[in-house]
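User: I am new to this structure. Please walk me through the terms used for it.

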Amino acid sequence: AGKRFYGCLAFMVWMIPVFAADHALDHEPLQRSPSLTYGQVFESALASAPEFLATSARQGQAAAYKAMGQDFFAGNPTLQTSYLDDSTLTDAGLMEFAAGFSIPLWRPGQKQEVRVLGRNVESMFMSWQAYTQWQVAGRMRQTLLAVQSAEAMLAFEKQSLTNSEALEQLS
């Protein structure tokens, strides 16, 4: 059993260059850029994050609630007109015209509540924005760690291959 183990081990060491040649890279290795800073990478990652697409909508929602609390009326004034007659049923000559103007007014305390709501939605947007930045920073650091780990593993495997070749030449 011991001879088989050492025989299999020797075969595997002997086959390492063959496996390495079969699995060549299908892309150029990434080159480090000394001019690229962490801040630039972070800004680029933040701009391309899926959560970033919701930024303008959330910001617009906060601005709309804040502006609603500044309005003089509780909503938009409306003008209504209506016309009724009995010509289709009895044709007795009855007609009615009505016109009206509606101005939605604030209930007591409602305007203050809407202002508070606007401030809260704006605060919620700022918190969401900070949360998104922390999320993106975490994902970016995990990715950078994965790249660094892959580079370390590659260096280890290259050194292992060199050592195996040196052992092969000795025997």
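## Helix packing, strands and rings

Analyst: The crossing of helices α2 and α4 is right-handed. This comes from a predicted model. The axes of α2 (residues 38–47) and α4 (residues 110–170) lie 10 Å apart, at an angle of about 115°.

User: Which residues make the contact between α2 and α4?

Analyst: From α2 come Tyr38, Val41, Phe42, Ala45 and Leu46. From α4 come Thr132, Gln133, Val136, Ala137, Met140, Arg141 and Leu144. They divide into 9 nonpolar, 2 polar and 1 charged.

User: Why is Thr132 called buried?

Analyst: Buried means under 20% relative accessible area. Thr132 has 5% relative accessibility, so Thr132 counts as buried. Thr132 is in helix α4. Leaving out residues up to four places away in sequence, Thr132 touches Leu46 and Glu51.

User: How do you know that strands β1 and β2 pair?

Analyst: A pair needs at least two bridges. Strands β1 (residues 78–85) and β2 have 8 bridges between them, so they pair. The two strands run antiparallel. In one of the bridges, Ser82 has Ala98 of β2 as its partner.

User: What makes strand β2 hardly covered?

Analyst: Strand β2 spans residues 95–102. Among its 8 residues, the count of buried ones is 0.

User: How many aromatic pairs does a search of the whole structure find?

Analyst: The search finds 3 aromatic pairs. Among them is the pair of Phe72 and Phe73.

User: What makes the pair of Phe72 and Phe73 edge-to-face?

Analyst: Ring centres must lie within 6.5 Å for a pair, and planes over 60 degrees apart count as edge-to-face. For Phe72 and Phe73, the centres are 5.0 Å apart and the planes are at 75°.

User: Why is the pair of Tyr83 and Phe97 called tilted?

Analyst: Stacked needs planes under 30 degrees apart, edge-to-face needs over 60, and the rest are tilted. Tyr83 and Phe97 have 35° between the planes, so the pair is tilted. Their centres are 4.8 Å apart. Tyr83 lies in β1 and Phe97 in β2, so this pair ties together parts 14 residues apart in sequence.

User: What about Phe72 and Phe73?

Analyst: Phe72 is at 67%, so Phe72 counts as exposed. Phe73 is at 25%, so Phe73 is partly exposed.

Terms used
Residues numbered from 1 in each chain as written. Predicted model: local features only at pLDDT ≥ 70, side-chain atom pairs only at ≥ 80, totals over all residues. Heavy atoms only, no water. Axes fitted to C-alpha atoms, helices over the stretch in contact; angles between N-to-C directions. Helix = DSSP H or I, 4+ residues; strand = E, 2+ residues; numbered from the N terminus. Left-handed = near helix turned anticlockwise from the far one by under 90°. Contact = heavy atoms within 4.5 Å. Nonpolar A, V, L, I, M, F, W, Y, C, P; charged D, E, K, R; others polar. Buried < 20%, exposed > 50% of the residue type's maximum accessible area, 1.4 Å probe, protein only. Phe/Tyr/Trp six-rings, centres within 6.5 Å; stacked < 30°, edge-to-face > 60°.
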